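Visitor: Could you take me through one part of this model in detail? I would like a close look at a pair of helices and the loop that joins them.

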Amino acid sequence: MRLCKARTKAGKPCPSPAMTGKRFCIMHSGRARELGRKGGLRRTVFNPDGLAELGIPTNAQDLARFVATCMDEVRTSKLAPGIANCLGQLGMVFLKAIEQVELNVIRAELESLKAKVGVKTDEV
Ligand SMILES: [Zn+2]
């Protein structure tokens with residue numbers, strides 16, 4: 001393992017290993033600024049003031065609009081990806097709940113129709 005050929009700010013030899021086939025470590029390779037920027041973006045505290053005013057979704061159409069807005073906000077760095085991920089998970093639970101409610105409504109309508117035409121439940 002070769003050590004980095006650069007010097008620290010204190011003037012001592014850099015103790016980090018050089019990248020494979022290179023003379024310098026990753027921090028002295030000129031990528032420090034880029035890596036720092038990436039780290040900074042990850043730690044950015046997102047301001048909710050920049051987010052669109054969205055009501056609480058009450059149906060699948062509302063949820064679709066909500067998700068699309070969140071996608072745009074993640075792409076434009078207005079919404080933290082971790083929060084968007086959480087909202088995505090909740091959205092999936094919401095869709096499953098809607099599905100169950102609709103199935104129960106359909107089941108009740110079916111039972112009502114069967115009762116009207118005189119079909120016993122165990123015959124179907
Ligand atoms: Zn170095």
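Guide: Gladly! A word on terms to begin with: domain bounds here come from an automatic or database domain assignment. This is a predicted model, and its protein chain is divided into domain 1 (1-43) and domain 2 (48-123). The C-alpha centres of domain 1 and domain 2 are 48 Å apart.

Let us start with helix α2, which covers residues 60-75.

Just after α2 comes S77, with a positive phi of about 60 degrees. S77 lies in the loop between α2 and α3. The phi of S77, near 60 degrees, is a positive value in a residue other than glycine. S77 is also exposed, because 12 other C-beta atoms lie within 10 Å, and a residue with 12 or fewer counts as exposed.

Now put the two helices together. The axes of α2 and α3 come within 11 Å and cross at roughly 170 degrees. Angles over 145 degrees count as roughly antiparallel, so α2 is roughly antiparallel to α3. On the α2 side, the contact is made by A60, L63, V67, C70 and V74; on the α3 side, by P81, A84, L87, G91, F94, L95 and I98. The residues of this contact divide into 11 nonpolar, 1 polar and no charged.

What about burial along α3? Of its 37 residues, the number buried is 0, so α3 lies largely in the open. K116 is found in this helix, and K116 counts as exposed because it has 8 C-beta neighbours inside 10 Å. K116 also gives a sense of distance across the model: its C-alpha atom is separated by 70 Å from that of L35, with the two residues 81 apart along the chain.

Finally, just after α3, G118 takes a positive phi of about 80 degrees.

Technical notes:
Residues numbered from 1 in each chain as written. Predicted model: local features only at pLDDT ≥ 70, side-chain atom pairs only at ≥ 80, totals over all residues. Buried ≥ 20, exposed ≤ 12 C-beta atoms within 10 Å, placed from the backbone. Helix = DSSP H or I, 4+ residues; strand = E, 2+ residues; numbered from the N terminus. Expected span 1.5 Å × (residues − 1). Axes fitted to C-alpha atoms, helices over the stretch in contact; angles between N-to-C directions. Parallel < 35°, antiparallel > 145°, perpendicular 65-115°, else oblique. Contact = placed C-beta atoms within 7 Å. Nonpolar A, V, L, I, M, F, W, Y, C, P; charged D, E, K, R; others polar.
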